[in-house]
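Please look through the structure shown below before reading on. The points that follow are grouped by topic.

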Amino acid sequence: MARQAGVNLETVRYYERIGIMPAPDRTESGHRSYAPEHAERLKFIRRSRELGFGIETIRRLISVGEAETQACCEVRDMAKDQIASIDAKISDLTRLRQVLQQAVVDCGDGTEVRCPVIRQLGSIDQGLAGSPETGSQ
């Protein structure tokens, strides 16, 4: 099941431990016996992670999806939060791209004694302020 879903077996076990994957039945010999619903849940989790959703948000999405009446407004609010997160990442990546482009230009023919790329990456004052690595957001 893990291979089919494109995840590591330890990832499946981790998801079981934290409760976002239900524990499967066990055979008499103790092997896990997964039902089709397990595979669907795992694919949902993997895809949600690929799209940048955190574990707690995925837990909430699963909960809403399993409810008899689904609260669309709750999912809408989670989607809004995710959009804000994506926008922040795009902004950070755009700034990083500009800094790296300038560093490449500053590097010239690559014979500089002190590498401008290293210097730019190490300088918060050069446009990376606000990125997650600097601690401010």
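In this predicted model, the largest nonpolar core is made of 16 residues. Val 7, Tyr 15, Ile 20, Leu 42 and Ile 45 are the ones with the most contacts inside this core. The notes below start with the core and then turn to the cysteines, a glutamine and the salt bridges.

- Helix α4 supplies the largest share of the core, with five residues.
- Leu 42 is among the residues with the most contacts inside the core. When neighbours within four places in sequence are set aside, Leu 42 is in contact with Met 1, Ala 2, Ala 5, Val 7, Val 12, Tyr 15 and Met 21.
- Two of these partners, Val 7 and Tyr 15, are also listed with Leu 42 among the core residues with the most contacts.

**The cysteines**

- How many disulfides does the structure hold? The count is zero.
- A disulfide needs the two sulfur atoms to be within 2.5 Å.
- Cys 73 is likewise in no disulfide, its nearest cysteine sulfur being that of Cys 72.
- Cys 72 counts as exposed because its relative accessibility is 61%, and exposed means over 50%.
- Cys 73 has a relative accessibility of 44% and counts as partly exposed.

**Gln 82 in helix α5**

- Gln 82 is part of helix α5, which covers residues 72–107.
- Is Gln 82 buried or exposed? Gln 82 has a relative accessible area of 11%, so this residue is buried. The cut-off for buried is under 20%.
- Leaving out residues up to four places away in sequence, Gln 82 touches Leu 51, Gly 52 and Phe 53.

**Salt bridges**

- Side chains of opposite charge can pair when their charged atoms come close. Across the whole structure, a search finds nine salt bridges.
- One of them joins the side chains of Glu 50 and Arg 46, with an N to O distance of 3.9 Å. Both residues lie in helix α3, four residues apart, or about one turn of the helix.
- Glu 50 is partly exposed at a relative accessible area of 48%, and Arg 46 is partly exposed at 26%.
- Glu 50 and Arg 46 also belong to a network of salt bridges that includes Arg 47.
- Another salt bridge is formed by Glu 74 and Arg 60, whose closest N and O atoms are 3.9 Å apart. Because Glu 74 lies in helix α5 and Arg 60 in helix α4, this pair ties together parts that are 14 residues apart in sequence.
- Glu 74 is partly exposed, with a relative accessible area of 29%. Arg 60 is partly exposed as well, with a value of 37%.
- Which residue forms a salt bridge with Asp 92? The partner is Arg 95, and the closest N and O atoms are 2.2 Å apart. Asp 92 and Arg 95 both sit in helix α5, three residues apart, about one turn of the helix.
- Asp 92 counts as buried at 16% relative accessibility, whereas Arg 95 is partly exposed, with a relative accessible area of 24%.

Note on methods
Residues numbered from 1 in each chain as written. Predicted model: local features only at pLDDT ≥ 70, side-chain atom pairs only at ≥ 80, totals over all residues. Heavy atoms only, no water. Core = buried A, V, L, I, M, F, W, Y, C linked by side-chain atoms within 4.5 Å. Buried < 20%, exposed > 50% of the residue type's maximum accessible area, 1.4 Å probe, protein only. Helix = DSSP H or I, 4+ residues; strand = E, 2+ residues; numbered from the N terminus. Contact = heavy atoms within 4.5 Å. Salt bridge = Lys/Arg side-chain N within 4 Å of Asp/Glu carboxyl O.
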